[in-house]
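This briefing concerns the side-chain contacts of one protein structure. Please examine the sequence and the model before reading the points that follow.

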Amino acid sequence: MQNIISKEPVREFNGKIMGFIETDRDGNQQVRDFYGRILGTYDKKLNVTRDFYGRILTRGNTVLGLLSTK
């Protein structure tokens with residue numbers, strides 16, 4: 001991803017940061033866990049969400065679903 005224009009924290013109900021969603025100028029997104037590891041990406045042009053390995057998970061933007069509490 002290039003030219004990140006926003007990096008938004010995703011928080012649990014109690015305020016703890018679970019991870020971050022980064023958005024570039026084209027609307028593509030990348031989700032990272034709390035430690036900065038990439039969990040997956042959303043490609044706006046193709047309208048698909050992919051996991052860390054590049055496999056298509058869903059059509060549409062579901063990167064938020066890649067963050068989960070353990």
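Asp51 forms a salt bridge with Arg55, with 2.7 Å between the closest N and O atoms; a salt bridge here is a side-chain nitrogen of Lys or Arg within 4 Å of a carboxyl oxygen of Asp or Glu. The model is predicted: local features need pLDDT of at least 70, side-chain atom pairs count only at pLDDT 80 or more, and totals for chains, interfaces and linings use all residues. Residues are numbered from 1 along each chain as its sequence is written, and side-chain values use heavy atoms, leaving out hydrogens and water.

**Salt bridges**

- The structure holds three salt bridges.
- Asp51 is buried, because its relative accessibility is 12%, whereas Arg55 is exposed at 51% (buried means under 20% relative accessible area, exposed over 50%, and partly exposed in between, with a 1.4 Å probe and protein chains only).
- Arg32 and Glu22 also meet through their side chains in a salt bridge of 3.3 Å, N to O.
- Arg32 belongs to strand β3 and Glu22 to strand β2 (residues 17-24), so this pair ties together parts that are ten residues apart in sequence; strands (E, at least two residues) are DSSP runs, numbered from the N terminus.
- Arg32 is partly exposed at 21%, while Glu22 is buried at 5%.
- A further salt bridge joins the side chains of Arg37 and Asp33 (2.6 Å, N to O), and Asp33 is buried with a relative accessible area of 9%.

**Aromatic rings**

- Two aromatic pairs are counted, where rings of Phe, Tyr and Trp (its six-membered ring) pair if their centres lie within 6.5 Å; planes under 30 degrees apart count as stacked, over 60 as edge-to-face and the rest as tilted.
- The ring centres of Phe34 and Tyr35 are 5.2 Å apart and the planes stand at 85 degrees, so this pair is edge-to-face.
- Phe52 and Tyr53 also form an edge-to-face pair, with 5.1 Å centre to centre and 85 degrees between the planes.
- Phe34 is partly exposed at 47%, whereas Tyr35 is exposed at 65%.

- Gln29 lies in strand β3 (residues 29-33) and is buried, with a relative accessible area of 16%.
- The largest nonpolar core has seven residues, among them Val10, Val31 and Leu67; such a core is a set of buried Ala, Val, Leu, Ile, Met, Phe, Trp, Tyr and Cys residues joined through side-chain atoms within 4.5 Å.

Key. Helices (H or I, at least four residues) and strands (E, at least two) are DSSP runs, numbered from the N terminus.
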